[in-house]
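Here is a short note to read beside the structure. Please follow the points in order, with the 3D view open.

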Amino acid sequence: MAVINMNEAELELKGFVDVDISPALDLFHEIEMLKKEKNAVVLAHYYQEPDIQDIADYIGDSLGLAQQAAKTSADMIVFAGVHFMAETAKILNPTKKVVLPDLKAGCSLADSAPADAFRAFKEQHPNHVVISYINCTADIKAMSDIICTSSNAQKIIESVPPDQPIIFAPDKNLGAYLIKQTGRDMLLWNGACMVHEIFSQKKILKLKAQHPDAKIIAHPECEEAVLQYADYIGSTTQLLKFAVTDAASTFIVATETGILHQMQKDAPGKTFIPAPPDNACACNDCPHMKLNTLEKLYLCMEYEKPEILMDEAIRLAALKPIQRMLEISKAAGLGG
């Protein structure tokens, strides 16, 4: 393993291995060599930059990534995503090394549910089952009964007896959408994703007027004002599958723009337009997801840092609701 001059405090402060790389270095080749040398697997979310998606061994949404992390035989998991995703991989693989290109790659949705505040909220409703969206910290997972993703949330909720009260956290928009889908009157935590909250209904409708044949497809983390105009609502993977298989040739896509890379690869003859946010930008990128770069990915593999570590008691408590999610998903035939 290469030696690094940064100490742990410097690494934590900066968030990534800060070492100069020769511009002549073929990072794609080097990463492939490191995969073989270290028996490493690169798992990447659809919201990563195109180069990272192209070098990954598996690309998926949160459910698919959790399923891949649960069954990998690799010695090292290189997680190209955000912190809670790498945490989930570590929860499922305590004996494996899990590294993240940039520790600062967080999640606004996960940040919206601080552990102490959520614990107090849960204590106020002791008779409720807690279903938590996977976009949360290990601490929140440890306080949950079942974890869900946008791919399996409806099945997870329907697995709970109808008379059992439910707390759904942390995404209020996804929760509100699921209440409509399932008819369950769930108690929602007031959290949201900064990427999916900022889409402009007005700009999307203007874009639709310019492309009348286009279909609007949206992630359920979006606000109701956007979802009500969507032709299709689904998880990231479900949006990708719909865009590829549907007869329409043009789509307005209301989710993080990283998915457009795979959509264009899988359906090169179609047109994919990013739904505009309510600001001066033309598209909506997650600033946390985009902290990871190909250079940081290479360096974290070379130096095997930053590494994801956690308290064993928290890991074991968080493992139970994740395993429950994986069991329900498998029984329902769901994949990411």
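1. Start in helix α17. Glu-327 and Arg-324 both sit there, three residues apart, which is about one turn of the helix. Their side chains meet in a salt bridge, 3.4 Å from N to O. Keep in mind that this model is predicted.

2. How exposed are these two partners? Glu-327 is partly exposed, at 48% relative accessible area. Arg-324 is partly exposed as well, at 38%.

3. Stay in α17 (residues 312-331), where Arg-315 and Glu-312 are also three residues apart. They form a salt bridge, with the closest N and O atoms 2.9 Å apart. Is Arg-315 buried or exposed? It counts as buried, because its relative accessibility is 8% and the cut-off is under 20%. Glu-312 is partly exposed, at 41%.

4. Now look at helix α7 (residues 115-123). Asp-116 and Arg-119 are about one helical turn apart there. Their salt bridge has its closest N and O atoms at 3.1 Å. Asp-116 is exposed at 62%, while Arg-119 is partly exposed at 36%.

5. Glu-32, Lys-35 and Asp-57 are linked in a network of them.

6. Turn to the pockets. The largest has a volume of about 270 Å³. Helix α1 gives the largest share of its lining, three residues. By class, that lining has five nonpolar, one polar and five charged residues.

7. The second largest pocket holds about 210 Å³. Its lining has 17 residues, with Tyr-177 and Gln-238 among those nearest the centre. Seven are nonpolar, eight polar and two charged.

Methods:
Residues are numbered from 1 along each chain as its sequence is written. This is a predicted model: local features need pLDDT of at least 70, side-chain atom pairs count only at pLDDT 80 or more; totals for chains, interfaces and linings use all residues. Side-chain values use heavy atoms; hydrogens and water are left out. On a 1 Å grid over the protein atoms alone, a cavity is a set of points where a 1.4 Å probe fits but cannot get out, and a pocket is an open set with protein on both sides within 12 Å along at least five of seven lines; lining residues have an atom within 4 Å of a point. Grid points are joined across faces, edges and corners, and a volume is the space filled by probe spheres set on the points. Helices (H or I, at least four residues) and strands (E, at least two) are DSSP runs, numbered from the N terminus. Ala, Val, Leu, Ile, Met, Phe, Trp, Tyr, Cys and Pro count as nonpolar, Asp, Glu, Lys and Arg as charged, and the others, Gly among them, as polar. A salt bridge is a side-chain nitrogen of Lys or Arg within 4 Å of a carboxyl oxygen of Asp or Glu. Buried means under 20% relative accessible area, exposed over 50%, partly exposed in between (1.4 Å probe, protein chains only).
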